[in-house]
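This report describes selected features of the structure shown below.

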Amino acid sequence: MITNDVDKAIAVLQNDDVVAIPTETVYGLAANAYSEAAVKKIFDLKQRPLYNPLIVHIQSIEFLQSVATDIPDDAIKLARAFWPGPLTLILKKKNNIPDIVTAGKNTVAVRVPNHPLTLELLRRLDFPLAAPSANPFGSISPTTAQHVHNYFNEEVKVILDGGPCEMGIESTIIGFENDVPILYRYGSIAREAIEQVIHNLTVITKSEQSPVAPGMLLSHYAPKKTTYLVDNVEDFIHNSNAKKIAALVFKNPLINAAIVQQEVLSPTGNLQEASKNLYSALHRLDSSDADIIVVERMPQSGLGESINDRLQRASIKH
Ligand code: TXA
Ligand code: MG
């Protein structure tokens, strides 16, 4: 059921079951982070491999101590600067977090989401919520309640509807190695914004074997249709023999007989707007009757870096 009734979500969560929750980034599939049985249901629903750990959502920075320990100064700085908001910190975990949440690692991923309904929910619960994005493993993340419903139907009993997600792509993930900050996943906070708060940030997002963060998997966030990421969509179409093309462009619409459906992410060229619209546009293009999806690469700065990261993982290499 799609609802905005927080009471219904609380009842399901207290019963060790799963609800979908809105956040400012994407919708999550949430369960009691302290309950192994409840968290197991998330993995089953998503068909997510157990080696892929989940993010623990807490209501405020004050609750950080209840899930993590040995917190580096830079982590506190970042939390103060960006929470509530789309920043996930990887920290040494406390023993109360079951192994299933962290895939047996001694670290836990934590964030305070910035959405009024989910913050209300968290304040009224006496446990934090473990939640990955609310999509089957590897597919496009949901940014509306309807996207979640399209994936899971009534298998998810309560989908808390908080409207379309404001940011539109997942949180930026920062961890620490010997207290040195590392960006593991590009996300809704641009790298430059992180670097205004802390220095000597290292970026490690490419590894494919045994990824630290499986959002790092090279193929992820993917539409069902074959998707190409290109610098110039018209040149690509010119050299392609595909008859029906779905096109995703940044700001300027194209006129071409082969394009059967087109999405313009931001007519004014605003990367924040583009990020907000990205997954909805991909969902629509993926359900069009085109043969392939062709996507224009975004400018590689600010949030463009994060959007391009997702587009690279959504597309095939060619
Ligand atoms: O914006 C978001 O982060 C959304 C909303 C729902 O909060 N959540 C999300 O979760 O994107 P998910 O599961 O799709 O991505 C979480 C990422 C995964 O790549 C996972 O591997 C990584 O976080 N992760 C979780 N715990 C980790 C840990 N202890 N060490 C390294 N990576 C971790
Ligand atoms: Mg995900």
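## Basis and salt bridges

A salt bridge is a side-chain nitrogen of Lys or Arg within 4 Å of a carboxyl oxygen of Asp or Glu. The model is predicted, so local features need pLDDT of at least 70 and side-chain atom pairs count only at pLDDT 80 or more, while totals for chains, interfaces and linings use all residues. Residues are numbered from 1 along each chain as its sequence is written, chains are lettered from A and ligands numbered from 1 in the order in which they are written, and side-chain values use heavy atoms, with hydrogens and water left out.

The structure holds 19 salt bridges. One of them joins the side chains of Asp-17 and Lys-157, at 2.3 Å from N to O. This pair links distant parts of the chain, 140 residues apart: Asp-17 lies in the loop between helix H1 (6-14) and E2, and Lys-157 in the loop between H6 and strand E9 (158-160). Helices (H or I, at least four residues) and strands (E, at least two) are DSSP runs, numbered from the N terminus. Asp-17 is buried, with a relative accessible area of 14%, whereas Lys-157 is partly exposed at 46%. Here buried means under 20% relative accessible area, exposed over 50%, and partly exposed in between (1.4 Å probe, protein chains only).

## A salt-bridge network

Glu-170, Asp-309, Arg-310 and Arg-313 are linked in a network of salt bridges. The side chains of Arg-313 and Asp-309 meet at 2.8 Å, N to O; both residues lie in helix H10, four residues apart, about one turn of the helix. Asp-309 also forms a salt bridge with Arg-310, the closest N and O atoms being 2.9 Å apart.

## The four-stranded sheet

An open sheet of four strands has the order E13-E16-E14-E15, with parallel pairing. Its edge strands, each pairing on one side only, are E13 (227-230) and E15 (259-264). The twist averages 20 degrees from one strand to the next. Two strands pair if DSSP finds at least two bridges between them; E13 and E16 (residues 292-296) pair over four bridges, and Leu-229 stands opposite Val-295 in E16.

Helix H10 (residues 303-314) packs on the sheet, touching E13, E14 (245-249) and E16, and its direction makes about 140 degrees with that of E13. Contact means heavy atoms within 4.5 Å. Axes are lines fitted to C-alpha atoms, for helices over the stretch in contact, and angles run from 0 to 180 degrees between N-to-C directions.

## Helix H2

The buried residues of helix H2 (residues 36-46) are Ala-38, Val-39, Ile-42, Phe-43, Leu-45 and Lys-46. They lie on the same side of H2, because they cover an arc of only 165 degrees around the axis. The arc is that of the directions from the helix axis to the C-beta atoms. These residues pack against strand E3 (28-32), helix H4 (99-102), strand E8 (129-130) and helix H6 (145-152). After H2 comes Gln-47, whose phi is positive, near 50 degrees.

## A buried threonine

Thr-23 is placed in the loop between strand E2 (19-21) and E3, and counts as buried at 2% relative accessibility. Beyond residues up to four places away in sequence, Thr-23 touches Arg-111, Pro-113, His-115 and Cys-165.
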